[in-house]
Amino acid sequence: MKLILLGAPGAGKGTVAKRLTKTSGAVQISTGDILRGAVKEGSELGKQVAACMAAGDLVSDALIMRIMEARLQEPDCDSGFLLDGFPRTIPQAEALKELLAKLNIELDMAVNLDVPKDVVLDRLSTRRTCVNSDCQAIYNVKSNPPKQEGVCDKCGAAIVQREDETEEAISHRLATYEEKTAPLIGFYEAEGGRFVNER
Ligand code: ADP
Ligand code: ZN
């Protein structure tokens, strides 16, 4: 299974991707997880993107494409992949199309998770994330709390509110989504026959 998952922040791309990995053998590739891992490690990449991410801005298309060109050639992608949080702009979608053609990879589908804005707003402000960069499990203080408050069920690390999940950064991320990412729905609809809209 080779899928692109589209949708606003908080729509459920990561949650759906994690579920699908269990049944399909495909790997989840989350550019957000990759970048947060780099920030936590303090690598060169992490230093480059930290400020941008904390503010809820997108990192540059060129940088994301360098990461994804390498990632899509790793052997675990042969059994399928679920792209979560990428592509995020029209230039990324165009570059991905070229990259897939070059690597001889055919996508099965782009799936849009269409969730009302008030629901994503509520979800984002109540979302909590495991700080362990190898885990990054997602919880919700209302609908899916961990068994012990503040502690990840899966790995025992702390769960926290992400730095870009302050009210200000959330509204900035949603505005960025509307401006830069929502146009991808039209892009993949125009690709024809391989687009699904899910509520
Ligand atoms: P969200 O919950 O907003 O979908 P992600 O975990 O996917 O969050 O991404 C977190 C941050 O990482 C984004 O706000 C952005 O700064 C950066 N990022 C992730 N993926 C991309 C991408 N494809 N292009 C540019 N920036 C990205
Ligand atoms: Zn964890």
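Helices (H or I, at least four residues) and strands (E, at least two) are DSSP runs, numbered from the N terminus. The model is predicted, and local features need pLDDT of at least 70, side-chain atom pairs count only at pLDDT 80 or more, and totals for chains, interfaces and linings use all residues. Residues are numbered from 1 along each chain as its sequence is written, chains are lettered from A and ligands numbered from 1 in the order in which they are written, and side-chain values use heavy atoms, with hydrogens and water left out.

**Helix H8**

- Helix H8 covers residues 183-191, and its buried residues are Leu184, Phe187 and Tyr188. These residues cover an arc of only 85° around the axis, which puts them on the same side of H8.
- Buried means under 20% relative accessible area, exposed over 50%, and partly exposed in between (1.4 Å probe, protein chains only). The arc is that of the directions from the helix axis to the C-beta atoms.

**Helix H7**

- Helix H7 (residues 167-181) has 15 residues, which at 1.5 Å a residue should span 21 Å; its end C-alpha atoms are 20 Å apart, which agrees. The expected span is 1.5 Å times one less than the number of residues in the helix.
- In H7 the buried residues are Ala169, Ile170, Arg173, Leu174, Thr176, Tyr177 and Thr181. They cover an arc of only 160° around the axis, so they lie on the same side of H7.
- Glu167, Glu168 and Glu179 are exposed residues on the face of H7 turned away from its buried side.
- Glutamate 168 counts as exposed because its relative accessibility is 68%. The C-alpha atoms of glutamate 168 and tyrosine 188 are separated by 30 Å, with the two residues 20 apart along the chain.

**Ligand 1**

- Ligand 1 is surrounded by 19 residues, of which the closest are Thr31, Asp57, Gln92, Arg127 and Arg173. A residue is near a molecule or strand if one of its heavy atoms lies within 4 Å of it.
- The shell divides into seven nonpolar, four polar and eight charged residues. Ala, Val, Leu, Ile, Met, Phe, Trp, Tyr, Cys and Pro count as nonpolar, Asp, Glu, Lys and Arg as charged, and the others, Gly among them, as polar.
- Helix H2 (residues 31-41) contributes four residues, the largest share of this shell.
- A backbone N or O atom of aspartate 57 lies 2.5 Å from an oxygen atom of ligand 1, and one of glycine 85 lies 2.9 Å from a nitrogen atom of the ligand.
- Arginine 162 places a polar side-chain atom 3.3 Å from an oxygen atom of ligand 1. Taken alone, ligand 1 exposes 550 Å², and the protein buries 96% of that.

**Backbone features in loops**

- Phenylalanine 86 and proline 87 are joined by a cis peptide bond, with omega about -5°. Proline 87 is in the loop between strand E3 (81-84) and helix H5 (90-103).
- Asparagine 104 has a phi near 60°, a positive value in a residue other than glycine. This asparagine 104 lies in the loop between H5 and strand E4 (109-113), and is exposed, with a relative accessible area of 72%.
- Glutamine 136 has a positive phi near 50°, and is a residue other than glycine. Its loop runs between strand E5 (127-130) and strand E6 (138-140), and glutamine 136 counts as buried at 4% relative accessibility.

Definitions and conventions:
Polar contact = N/O pair within 3.5 Å; in protein donor to acceptor, adjacent residues only side chain to side chain. Areas by Shrake-Rupley, 256 points an atom, 1.4 Å probe, with all protein chains shown as cover.
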